[in-house]
Amino acid sequence: MNLMKVLDPKDVFRKTTGMDWEDIYNNRLARGWSVGLAQELKLLQAAIRISHRSMATRLRRHWRKAPPDMVVSLIPNFNRPMYEAVASLTPSVPYVTLLTDFADYPPHFWIEPRQAQHFICGTPKAAAQARALGYGEDRVHLTSGMIIRPDFYTEVEIDRRADLRKLDLDPDRPTGLVMFGGHGSRAMQGIAKRLDDVQLIMICGHNAALAQQLSLISAQARAPRAVLGFTSQMRHYMRLADFFIGKPGPGSISEAVQQGLPVVVVRNTWTMPQERYNTEWVLENGAGIVLESFRFVDEGVRSIIARLDEFKANLARIENRAVFEIPEILERILESRARHGALPGPGTRASTLVH
């Protein structure tokens, strides 16, 4: 279900602003306007607290019409009103928060305290954060990584050299994949200019204007380039590359690591607050290089290419099976509910959570 369709069924936000909630986020990323997001997050969370009762009422109305066996949240910030709505209707229904970030960004981002719920965490850091807020081992479920699409595990034979030639690329050159989400980023222009002699596959998503600009830049580059728009074949292009350049999003990093690509990412004041730990994870696991700015991307790429075997050996030791582990975890939670019914929350009753 789309949470915003429940909370804003008449689509007032889009009719008022001319865009959907997620469009604001995507447009800012495409323009590189990420400074100040930490402060805006606090404003968003304050608005959610003010609207808590009305949100919980709408959600109760929704679930009263369609009673769930389990609620699994893959969205941050709204877990208190969602949990309260479920718990006040049917306390025996399990509520699970599946973190899609490497770690929580407290307070009130992914992990809310004193809720009789479960957490599925993709890193030991996130699991430790949940335990620190009083959740026991029976409520904190650690997976081997972040959830990515099942097709990233499918064994498909490709002719890498032939597929690179189809893109007018040299199969004997190291190849970087540059990608900044479904709407690209202006940062890709600077990367294209600074890596003039590096072979690149540059994926711009739905940003046709960016693709046109990158094509003009690439026409003057010393190394071959392939500039692509939106594609549903991300895994295929990752298999053609040797390393990844992009923002430190949990999905991008996890997909690159799954395909054995060391990453080149940046951490600075422009980095989204909930993604800053991701760069620590990259360094802790030897999964790539973290730069202060993409102004130094040429140095980072030279280092990646020089140490490519070392990085690939590090990545080979990372085995992420989360997409297969999570259904088994959810099944165990449902089985536990069937055997024992509702379990008491950590330190409080579900019926006393709303003040």
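## Salt bridges

A salt bridge is taken here as a side-chain nitrogen of Lys or Arg within 4 Å of a carboxyl oxygen of Asp or Glu. The model is a predicted one, in which local features need pLDDT of at least 70, side-chain atom pairs count only at pLDDT 80 or more, and totals for chains, interfaces and linings use all residues. Residues are numbered from 1 along each chain as its sequence is written, and side-chain values use heavy atoms, with hydrogens and water left out.

The structure contains 12 salt bridges. One of them pairs Arg 149 with Glu 255, with 3.7 Å between the closest N and O atoms. Arg 149 sits in the loop between strand E4 (140-142) and helix H8 (160-166), and Glu 255 sits in helix H12 (residues 250-258), so this pair ties together parts that are 106 residues apart in sequence. Helices (H or I, at least four residues) and strands (E, at least two) are DSSP runs, numbered from the N terminus. Arg 149 is partly exposed at 36% relative accessibility, while Glu 255 is buried at 12%. For these classes, buried means under 20% relative accessible area, exposed over 50%, and partly exposed in between (1.4 Å probe, protein chains only). Salt bridges with shared partners join Arg 149, Asp 151 and Glu 255 into one network.

## Two further bridges

Asp 196 and Arg 222 form a salt bridge whose closest N and O atoms are 2.6 Å apart. Asp 196 is in the loop between helix H9 (187-194) and strand E6 (199-203), and Arg 222 is in the loop between helix H10 (208-219) and strand E7 (225-228), so the pair ties together parts 26 residues apart in sequence. Asp 196 counts as partly exposed, at 22% relative accessibility, and Arg 222 counts as exposed, at 62%.

Glu 275 bridges to Lys 247, with the closest N and O atoms 2.7 Å apart. This pair links distant parts of the chain, 28 residues apart: Glu 275 in the loop between strand E9 (263-266) and H13, and Lys 247 in the loop between strand E8 (243-246) and H12. Glu 275 is buried, with a relative accessible area of 5%; Lys 247 is buried as well, with 18%.

## Aromatic pairs

Seven aromatic pairs are present. Rings of Phe, Tyr and Trp (its six-membered ring) pair if their centres lie within 6.5 Å; planes under 30 degrees apart count as stacked, over 60 as edge-to-face and the rest as tilted. Phe 102 and Trp 281 make an edge-to-face pair, 5.0 Å centre to centre with 75° between the planes. Phe 102 is buried at 1% relative accessibility, and Trp 281 is buried at 12%.

Tyr 105 and Phe 109 form another edge-to-face pair, at 6.3 Å centre to centre and 90° between the planes. Tyr 105 is partly exposed at 22% relative accessibility, whereas Phe 109 is buried with a relative accessible area of 4%. Ring pairs join Tyr 105, Phe 109 and Trp 110 into a cluster.

## Backbone features

Most residues other than glycine have a negative phi, and most peptide bonds are trans. Pro 106 and Pro 107 are joined by a cis peptide bond, with omega about 0°; Pro 107 lies in the loop between E2 and E3. His 108 is located in the loop between E2 and E3 and has a positive phi of about 65°, although not a glycine. The relative accessible area of His 108 is 31%, which makes the residue partly exposed.

Asp 168, also not a glycine, has a positive phi of about 60°. Asp 168 lies in the loop between H8 and strand E5 (175-179) and is exposed at 65% relative accessibility. Pro 94 is placed in the loop between helix H6 (79-89) and E2 and is buried at 9% relative accessibility.
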